[in-house]
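Biologist: I'd like to learn how to read a protein model, one feature at a time. Could you walk me through this one?

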Amino acid sequence: MRRELGCFSFLSAVELDQIAPYFNCRMVSARDDLWRSGDADGYLAFIVSGRVEIKVDTEFPGKQVVVGVFSRGAVVGTSSVLDDQPRSTTAQALEDTGLVLLTRENFEALLTTCPEVGIKLLKGVLLSESRRLSKAYARLASLF
């Protein structure tokens, strides 16, 4: 899993075994939503296989714009484990997609029971988000 999911690259095999009980696996069929904008669920998803499209609502009712397409190794939905706010995006599987999920409750429990390992996981997630943001800045700058 460390090879497939870069967020876990900071963890040893022993540490992965230690935190495995906090995660769940889920398969999502093509064209099914992982979540919709406004949902109150709280989990992030590590993509193991398939592709996920992230969309945001526009100012025009019923219209959305795609802000990203993510595949194996990406993590999506991170903000939902950090706050209790409703989802601001819709995530849809573009093809059959395998996910490893971490709920807000399990994330909090992991940080309480295994704080050192939780910090390493957070470091991986933060690095992933940072790289994604850098790429987004570069794409935005190329438009001007």
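Biologist: Which residue is the bridge partner of Asp 33 in β7?

Modeller: Gln 92 is the bridge partner of Asp 33. The strand names come from DSSP: strands (E, at least two residues) and helices (H or I, at least four residues) are DSSP runs, numbered from the N terminus. Two strands count as paired if DSSP finds at least two bridges between them. β2 and β7 have two bridges and pair in the antiparallel sense. Before we go on: this is a predicted model, where local features need pLDDT of at least 70 and side-chain atom pairs count only at pLDDT 80 or more, while totals for chains, interfaces and linings use all residues. Residues are numbered from 1 along each chain as its sequence is written, and side-chain values use heavy atoms, with hydrogens and water left out.

Biologist: What is the order of the strands in the open sheet that holds β2 and β7?

Modeller: Reading across, the order is β2-β7-β4-β5, four strands with antiparallel pairing. β2 (33–35) and β5 (64–71) are the edge strands, each pairing on one side only. Ignoring direction, neighbouring strands here are turned by 30° against each other on average. Inside the sheet, β4 and β7 share four bridges in the antiparallel sense, and seven bridges join β4 to β5, also antiparallel.

Biologist: Lys 55 is a lysine on my screen; does it count as buried or exposed?

Modeller: Lys 55 counts as buried, because its relative accessibility is 13%. You'll find Lys 55 in strand β4 (residues 51–57), standing opposite Thr 90 in β7. Lys 55 and Ala 91 are 36 residues apart along the chain, yet their C-alpha atoms are separated by 6.4 Å. Contact means heavy atoms within 4.5 Å. Leaving out residues up to four places away in sequence, Lys 55 touches Gln 64, Val 65, Val 66, Val 67, Thr 89, Thr 90 and Gln 92.

Biologist: And Arg 31, is that one buried or exposed?

Modeller: Exposed, because its relative accessible area is 65%. Arg 31 sits in the loop between β1 and β2. Its phi is near 75°, a positive value in a residue other than glycine.

Biologist: What is the order of the strands in the open sheet with β1?

Modeller: That order is β1-β8-β3-β6, with antiparallel pairing. Its edge strands, each pairing on one side only, are β1 (24–28) and β6. β3 and β8 pair over six bridges in the antiparallel sense, and Ile 47 stands opposite Leu 99 in β8. Helix α3 packs on this sheet, touching β1, β3 and β8, and its direction makes about 60° with that of β8.

Biologist: At roughly what angle do the axes of α3 and α4 cross?

Modeller: Two packed helices are described by the angle between their axes and the distance between the axes. Axes are lines fitted to C-alpha atoms, for helices over the stretch in contact, with angles from 0 to 180 degrees between N-to-C directions. The axes of α3 and α4 cross at roughly 125° and come within 5 Å. That makes α3 oblique to α4: under 35 degrees is roughly parallel, over 145 roughly antiparallel, 65 to 115 roughly perpendicular, and the rest oblique. Among the contact residues are Phe 107 and Leu 110 of α3 and Gly 118 and Leu 121 of α4.

Biologist: How many residues does helix α4 have, and how far apart are its end C-alpha atoms?

Modeller: The expected span of a helix is 1.5 Å times one less than its number of residues. α4 (residues 115–142) has 28 residues, so it should span 40 Å, and its end C-alpha atoms are 40 Å apart, which agrees. Buried residues of α4 include Val 117, Gly 118 and Leu 121. Among the elements covering the buried residues of α4 are α1 (13–19) and β8 (97–103).

Methods:
Buried < 20%, exposed > 50% of the residue type's maximum accessible area, 1.4 Å probe, protein only.
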